[in-house]
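Here is a protein model to go through by question and answer.

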Amino acid sequence: MFFYRTQHTLFLDIGHYLAKAAYVTRSGNSFTVQRFEKRPIPQKTFENAQITDPLKFKEFLHQLLRAFPESAQTGTLHLTASDRHTFLKKIILPTPLPKNLDQHMLYEAEQMAPYPIAEAIVDYSIMDTDPYFATYAQTGESQLLTTISKQSILSGIKEAFEEIDRPLSVVSPGSIGLF
């Protein structure tokens, strides 16, 4: 008989006007949504993709997090970044992948960012390690998922969570973090 430790995760999707939060527990292969909340973000909290009123934003986070049980407060905190300044792109490259892959992915990110790349956080993941995507490896191609987010948005949100003693565990692009 196997016993699984229950994992607690709070997923937050913070946009410019609305925040959505889902408290999910996992035991073995079973996921259960324990609670879901959505709340409007106070007016004039964000302007031009920047937190303009940090105190109001921190109070909003406090109120939102208090709506969830204690187990949600101490589990993993998974935040999704604003869709408006975060971008995803699937890139297919021939295998073997180039030795300068980091530079190549930075070039790809520069092509898709509507803001200077110096203002961005760039990340990528090689999808061929996932069995679902492994068929590409047989064709001599590799799939990569590239994400870019505006650094100033993530920095301000990250700082706000740290100031309320709830550091982020995971940050992902757009609303895909709720899937």
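Two residues are in contact when heavy atoms lie within 4.5 Å. The model discussed here is predicted.

Q: What makes Leu12 and Leu168 count as contacts of Phe161?
A: The cut-off is heavy atoms within 4.5 Å. Leaving aside neighbours within four places in sequence, Phe161 is in contact with Leu12, Ile14, Leu61, Leu65, Leu77, Leu79, Arg166, Pro167 and Leu168.

Q: What is the overall make-up of the protein in helices and strands?
A: The protein has 5 helices and 10 strands. Of its 179 residues, 40% count as buried. Take contacts between residues at least 6 apart in sequence: 63% of them join residues at least 24 apart.

Q: Which residues of the largest nonpolar core touch the most other members?
A: They are Leu10, Leu12, Ile14, Leu61, Phe68 and Phe161, in a core of 24 residues. Elements giving two or more residues to this core are E1, strand E2 (18–27), H1, strand E6 (76–80) and H5. H1 gives the most, with 5 residues.

Q: What makes a set of residues a nonpolar core?
A: The members must be buried, of the listed nonpolar types, and joined through side-chain atoms within 4.5 Å. In soluble globular proteins, nonpolar side chains tend to be buried together.

Q: How do you know whether Gly156 is buried, partly exposed or exposed?
A: Buried means under 20% relative accessible area, and exposed means over 50%. Gly156 has 21%, so it counts as partly exposed. Gly156 lies in helix H5 (residues 151–163).

Q: How far apart are Gly156 and Ile51 in sequence and in space?
A: Gly156 and Ile51 are 105 residues apart in sequence. In space they are 6.4 Å apart, C-alpha to C-alpha. For Thr52 and Gly156 the values are 104 residues and 9.6 Å, again C-alpha to C-alpha.

Q: What makes Thr52 partly exposed?
A: The band runs between 20% and 50%. Thr52 has 40% relative accessibility, so the label is partly exposed. Thr52 lies in the loop between strand E5 (50–51) and H1. Beyond neighbours within four places in sequence, Thr52 is in contact with Lys44, Thr45, Phe46 and Glu47.

Q: Why is Thr9 called buried?
A: The limit is under 20%. Thr9 has a relative accessible area of 16%, so it is buried. Thr9 lies in strand E1 (residues 7–14). Not counting residues up to four places away in sequence, Thr9 touches Ala22, Tyr23, Val24, Thr76 and His78.

Q: How do you know whether Glu108 is buried or exposed?
A: Glu108 has 14% relative accessibility, under the 20% limit, so it counts as buried. Glu108 lies in helix H3 (residues 101–112). Not counting residues up to four places away in sequence, Glu108 touches Lys89 and Ile91.

Q: Why is Lys44 called exposed?
A: Exposed needs over 50%. Lys44 has 63% relative accessibility, so Lys44 counts as exposed. Lys44 lies in the loop between strand E3 (30–40) and strand E4 (46–47). Lys44 has a positive phi of about 60 degrees although it is not a glycine.

Q: What makes Asp165 exposed?
A: Asp165 has a relative accessible area of 68%, over the 50% cut-off, so it is exposed. The loop between H5 and strand E10 (170–172) holds Asp165. Phi of Asp165 is near 60 degrees, a positive value in a residue other than glycine.

Notes
Residues are numbered from 1 along each chain as its sequence is written. This is a predicted model: local features need pLDDT of at least 70, side-chain atom pairs count only at pLDDT 80 or more; totals for chains, interfaces and linings use all residues. Side-chain values use heavy atoms; hydrogens and water are left out. Helices (H or I, at least four residues) and strands (E, at least two) are DSSP runs, numbered from the N terminus. Buried means under 20% relative accessible area, exposed over 50%, partly exposed in between (1.4 Å probe, protein chains only).
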